[in-house]
Amino acid sequence: MRQKNRIVLLIALCLLAASALVAAAAAEENMAKPAGQTAVIVGPESRLIKYPSLARWGRQIAVVNETGYDLVHFDLYSQAMMRHHQEQANLLTENLEDGQRRVIDLLSSLLLFNAIAERDGELFYYSAINDEGDYYWGQWNPAVDNWNITITFANYVERVETLLYPRYGESLAVLNKTEAPLVSFSMEWKSHDLFDGSEHNLIENIPIPAGQRALIPTSTIPLFDEVAGHGILYYRALDSRGVLYRGSFYPDARSWSVTVNERAYHEGGYTLFVNNLLEDAIWYLWAMSGEEYLGGNWGDDVLGSHIIMAKDGKDIDLYENDLWAERLQSGWQGRLYLIAQTNEGERYFTYTELDSLYPDMFVNIEEQDRIEQGPEEDSYQLIGYNRTGEKIWYLYAVTGLDEGQSDSGEDLLGDEVWQWDDFITISVEDEDLDESGIIRFYAIDWNDGVYMRTWSPGAERVIVFRPGDKVE
């Protein structure tokens with residue numbers, strides 16, 4: 001019996017071991033199997049709350065950035081708070097990226113927390129600054145508005161300085177946007193190259209810390225009253241590191257403020273002030289040489305993302321345009337042609353002289369500079385530019401329906417010879433046009449080579465003859 005029990009026990013142990021081996025193999029097989037595919041879910045679109053609401057009159061507010069740029073500064077205040085504290089506060093501890101929300105604990109600013117807790121019906125105002133220095137402003141009613149304060153591009157303020165420092169006040173604001181204190185600031189009514197070091201330091205013994213501003217009484221600025229309204233003042237500033245800045249100020253500008261920043265630091269730099277006297281904002285501005293103007297090659301818009309509002313002005317640093325920076329560094333000088341365009345598509349033409357002795361330039365854009373549209377006129381003044389590489393001896397105009405020879409009609413050059421790389425003015429009257437509204441211009445060189453270009457009202461008024469226009 002005992003031996004039989006041992007046999008039974010041995011058989012049981014064998015079965016147990018065998019089952020363990022089978023289980024292990026099955027587990028290994030299961031581990032080797034690829035994960036099952038996630039089940040497909042079919043149904044209606046889900047609801048979404050991107051920025052959950054916060055409890056009104058709670059301890060938190062939130063800032064939502066929908067400006068298209070990263071925000072580096074956000075301040076929220078009431079008029080009562082301003083009476084006690086004029087200085088801006090920043091509720092952002094770090095940059096707020098575009099499309100993101102930041103929740104702010106109001107206990108981090110007890111003055112703001114207490115002002116909101118008063119529930120006295122007073123409005124609050126907010127200001128924000130992006131990483132390019134642009135300013136945004138708006139108002140917030142905690143009793144009515146969402147406690148997610150959303151800042152969009154609609155809150156953008158083109159020139160906040162015009163609100164803070166309006167012209168015809170008693171002071172000129174000097175804004176230090178450099179990384180070091182300004183220890184010297186002087187102004188004169190003459191070119192930068194004529195500064196001789198004898199100028200009066202308007203902030204002597206009163207340095208302007210980085211990021212702050214100084215209000216300088218205009219009565220202490222030499223010739224300010226004489227220049228105001230029609231002239232220009234030049235400034236030079238020096239920071240504690242010995243870095244020199246320079247620029248210009250126009251007393252008839254809408255803001256009596258000067259911003260000293262890294263853009264003002266250019267030895268031999270050039271600044272163009274564009275004064276928009278139009279009733280519309282200027283959205284595009286092209287700067288070009290005479291050859292580029294005649295050839296219709298305007299280049300890039302030097303305004304970039306900026307706009308010059310109606311009856312406002314703007315300083316444009318030509319060094320911010322890669323092409324012009326390269327030209328200026330190589331010593332380019334001459335006549336600078338400008339074409340401005342409004343949002344309505346109206347274009348205006350003017351020019352200024354670019355000279356190293358006078359690095360600060362000033363132009364007015366006014367209604368009399370408007371480029372008239374062709375169809376609205378009885379006559380058209382065209383500009384012809386000879387880039388054929390040859391002297392042109394004859395120039396003829398043939399209407400679009402005229403199938404005569406290229407040398408038919410009157411020679412528009414008369415006794416003149418159209419030199420290579422030169423331009424002429426061509427007048428076209430309405431009566432010169434036939435039903436097609438097209439004119440073919442034929443230019444013939446000294447060797448009887450014929451070049452042809454067509455023109456019709458509404459097209460560019462610069463007609464350039466190049467070697468590729470040769471037809472015979």
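Val-64 has Thr-150 as its bridge partner in strand S6. This is a predicted model, where local features need pLDDT of at least 70, side-chain atom pairs count only at pLDDT 80 or more, and totals for chains, interfaces and linings use all residues. Residues are numbered from 1 along each chain as its sequence is written, and side-chain values use heavy atoms, with hydrogens and water left out.

Strand S1 (residues 60-66) runs parallel to S6, and the pair is joined over 5 bridges. Two strands count as paired if DSSP finds at least two bridges between them; strands themselves are DSSP runs of E with at least two residues, helices are runs of H or I with at least four, and both are numbered from the N terminus. Strands of a sheet pair through backbone hydrogen bonds, either parallel or antiparallel. Here, 3 strands make up an open sheet, ordered S3-S1-S6, with mixed pairing. Strand S3 (101-105) and strand S6 (148-152) sit at the edges, each pairing on one side only.

Now for strand S2 (residues 71-78), which is where Ser-78 is found. Ser-78 counts as buried because its relative accessible area is 1%, and buried means under 20% (1.4 Å probe, protein chains only). Leaving aside residues up to four places away in sequence, Ser-78 touches Ala-115, Glu-122, Leu-123 and Phe-124, where a contact means heavy atoms within 4.5 Å.

Tyr-293 belongs to helix H6 (residues 290-295). Tyr-293 is buried too, at a relative accessible area of 17%. Among the residues it touches, not counting those up to four places away in sequence, are Met-288, Tyr-337 and Val-462. Tyr-293 and Leu-336 are 43 residues apart in sequence, and their C-alpha atoms are 9.6 Å apart in space.

Notes. Buried < 20%, exposed > 50% of the residue type's maximum accessible area, 1.4 Å probe, protein only.
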